[in-house]
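The structure is shown first, and the text follows.

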Amino acid sequence: MRWPRGVRARLAGALVLLVAATAAVLGIGATVVVDARLHQQTLQDAADQATFDLTVIVPGRQLPDRPTQDDIVRSGLIDTFQQRGVETLVDLGNDSTVQSNDELAGLLGRLPPDVPARVGRGELAYAWLTVAGRPRLVVGGLAPGSGPAFYFVRDVSAIQE
C-alpha cells in the first residue's frame, strides 16, 4: 500500500518531533540527576570534613572551654582551614565572632534560622548561600564540650558551572 505524499511527510515530521522531544526530556532528566548528585556529594564531603575538623583538629589545638578571639587566632585554626580552601567563621557567642576574611561579615544573620538553632543543639547543619557574589556551602557544628560554633564556608562555584 502506498501512502499519499502528504501523509508520509506528516508521519516523518511527527517522528522527528517525537525523537527530538524524547532527546530533550532525556537531556533535561540527566542534567537534573547529575546536578542533584553533585550537590549531594559536595554536601557529604563537606559534612565529613566538618566532622573530622570538629572532632580531631579543633580539640587538638586545646582551646580553653570559653575561648576568646585571641585564643582562636593564636590556635592557628583559621589558617589551617584556609590552607585547605575553606573559609571559617567562629561564633563565640555574645555577638563575638572570628572570621577568616571580611566577606564573611554578617554571615550568621544571613543563615536560615534553623541552621544556628540546629548547630546550638549539637547537630551539623548546612545552607547553600551566595556570599560575595559566589555560591557557597556553609556547614556549621559545635566544637566538643562547651566550645564555640564553627561555620565552614566552601566555594561551590565549580558545581554551579
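Among the contacts (heavy atoms within 4.5 Å) in the protein chain with a separation of 6 or more, 45% are accounted for by residues 24 or more positions apart. The model is predicted: local features need pLDDT of at least 70, side-chain atom pairs count only at pLDDT 80 or more, and totals for chains, interfaces and linings use all residues. Residues are numbered from 1 along each chain as its sequence is written, and side-chain values use heavy atoms, with hydrogens and water left out.

The protein chain has 6 helices and 5 strands, taken as DSSP runs numbered from the N terminus (helices H or I, at least four residues; strands E, at least two). Their order along the sequence is α-α-α-β-β-α-α-β-β-β-α.

Of the 161 residues, 32% are buried, that is, under 20% relative accessible area with a 1.4 Å probe, protein chains only. A nonpolar core here is a set of buried Ala, Val, Leu, Ile, Met, Phe, Trp, Tyr and Cys residues joined through side-chain atoms within 4.5 Å.

The largest such core includes Val 58, Ile 72, Leu 77, Phe 81, Phe 150 and Phe 152, the residues with the most contacts inside it. At least two of its residues come from each of H1 (5-60), H3 (77-83), E4 (134-142) and E5 (149-155). H1 gives the largest share, 6 residues. Beyond four places in sequence, Val 58 touches Asp 53, Leu 63, Leu 77, Phe 81, Ala 143 and Phe 150. Another core lies apart from the largest one.

| Core | Size | Residues, among them |
|---|---|---|
| Largest core | 21 residues | Val 58, Ile 72, Leu 77 |
| Another core | 14 residues | Val 119, Ala 125, Ala 149, Tyr 151 |

Technical notes:
Buried < 20%, exposed > 50% of the residue type's maximum accessible area, 1.4 Å probe, protein only.
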